[in-house]
Amino acid sequence: MKKIKTKFKGLFLIKTKNNYDKRGFLREVYMRKNFKKNFIFDYYSLSKKNTIKGLHFQMGKPQDKLIIILKGKIIDYCLDLRKNSKTFLNLFKINLSSKKGDALFVPAGFAHGYRAIDKENLVLYKNTEYRDIKSEMGIDIFDKQLSLKLNKNRLISSKKDKTNMSLGQFLELHKSL
């Protein structure tokens with residue numbers, strides 16, 4: 001398991017190795033000694049091709065997240081909302097896949113989302129904070145200010161994500177995380 005730094009402080013890619021044999025493969029996805037975080041809550045998501053999620057965050061109870069791709073391929077998006085960060089309001093985008101054994105550590109203070117690429121995409125989230133529905137919020141991943149050039153008509157999003165605020169509204173209401 002190897003950590004690869006990004007230009008975003010605290011955000012890093014995790015490279016793991018799939019150990020193949022005639023039965024399939026074995027992959028280590030998490031080793032506590034590699035993280036100085038206390039992951040207390042896990043969940044996973046199965047997304048069909050062209051599903052888009054995000055950009056999600058918890059306002060009152062921010063979470064560090066370890067995003068592990070168990071099956072499929074996604075394009076992952078992380079928006080830095082940390083006020084005193086050198087990369088404040090910058091967007092990190094990366095392709096992650098189970099075939100390559102990718103994972104991503106996303107520190108608290110980022111809004112997170114992804115686009116599902118393969119027919120079936122299984123994503124495991126390890127979190128340092130429990131899910132708190134009352135503090136869940138989102139920024140519209142289709143917001144033109146983010147310059148993602150996503151085709152809204154070809155992507156599947158939830159009713160909840162369709163009501164996410166613009167980045168401008170977030171900054172007006174909250175300034176930062």
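1. A residue counts as buried when its relative accessible area is under 20%. By that cut-off, Phe12 and Phe35 are both buried. Keep in mind that this is a predicted model.

2. Start with the aromatic rings. A search of the whole structure finds 11 aromatic pairs. One of them is Phe12 with Phe35: the ring centres are 6.2 Å apart and the planes meet at 20 degrees, so this pair is stacked. Phe12 belongs to strand E2 (residues 12–15), while Phe35 is in the loop between strand E4 (24–26) and strand E5 (41–48). The two are 23 residues apart, and their pairing links distant parts of the chain.

3. Together with Phe39 and Phe105 they form one aromatic cluster. Phe35 also has a charge over its ring: the charged end of Lys3 sits 5.3 Å from the ring centre.

4. Now Tyr43 and Tyr125. Their ring centres are 4.4 Å apart, with planes at 20 degrees, so they too are stacked. Tyr43 lies in strand E5 and Tyr125 in strand E12 (residues 120–127), so the pair ties together parts 82 residues apart in sequence. Tyr43 is partly exposed, at 29% relative accessible area. Tyr125 is buried, at 6%.

5. Next, the nonpolar cores. The largest has 18 residues, and Leu55, Leu79, Leu81, Ile139, Ile141 and Leu150 have the most contacts inside it. Strand E6 (52–58), strand E8 (73–80) and helix H1 (167–174) each supply at least two of its residues. Apart from this core lies another, of 16 residues, including Ile69, Ile74, Cys78 and Leu96.

6. Look closely at Leu79. Beyond four places away in sequence, Leu79 touches Leu55, Phe110, Ile139 and Leu167, among others.

Technical notes. Residues numbered from 1 in each chain as written. Predicted model: local features only at pLDDT ≥ 70, side-chain atom pairs only at ≥ 80, totals over all residues. Heavy atoms only, no water. Core = buried A, V, L, I, M, F, W, Y, C linked by side-chain atoms within 4.5 Å. Buried < 20%, exposed > 50% of the residue type's maximum accessible area, 1.4 Å probe, protein only. Helix = DSSP H or I, 4+ residues; strand = E, 2+ residues; numbered from the N terminus. Contact = heavy atoms within 4.5 Å. Phe/Tyr/Trp six-rings, centres within 6.5 Å; stacked < 30°, edge-to-face > 60°. Lys NZ or Arg CZ within 6 Å of the ring centre and 35° of its normal.
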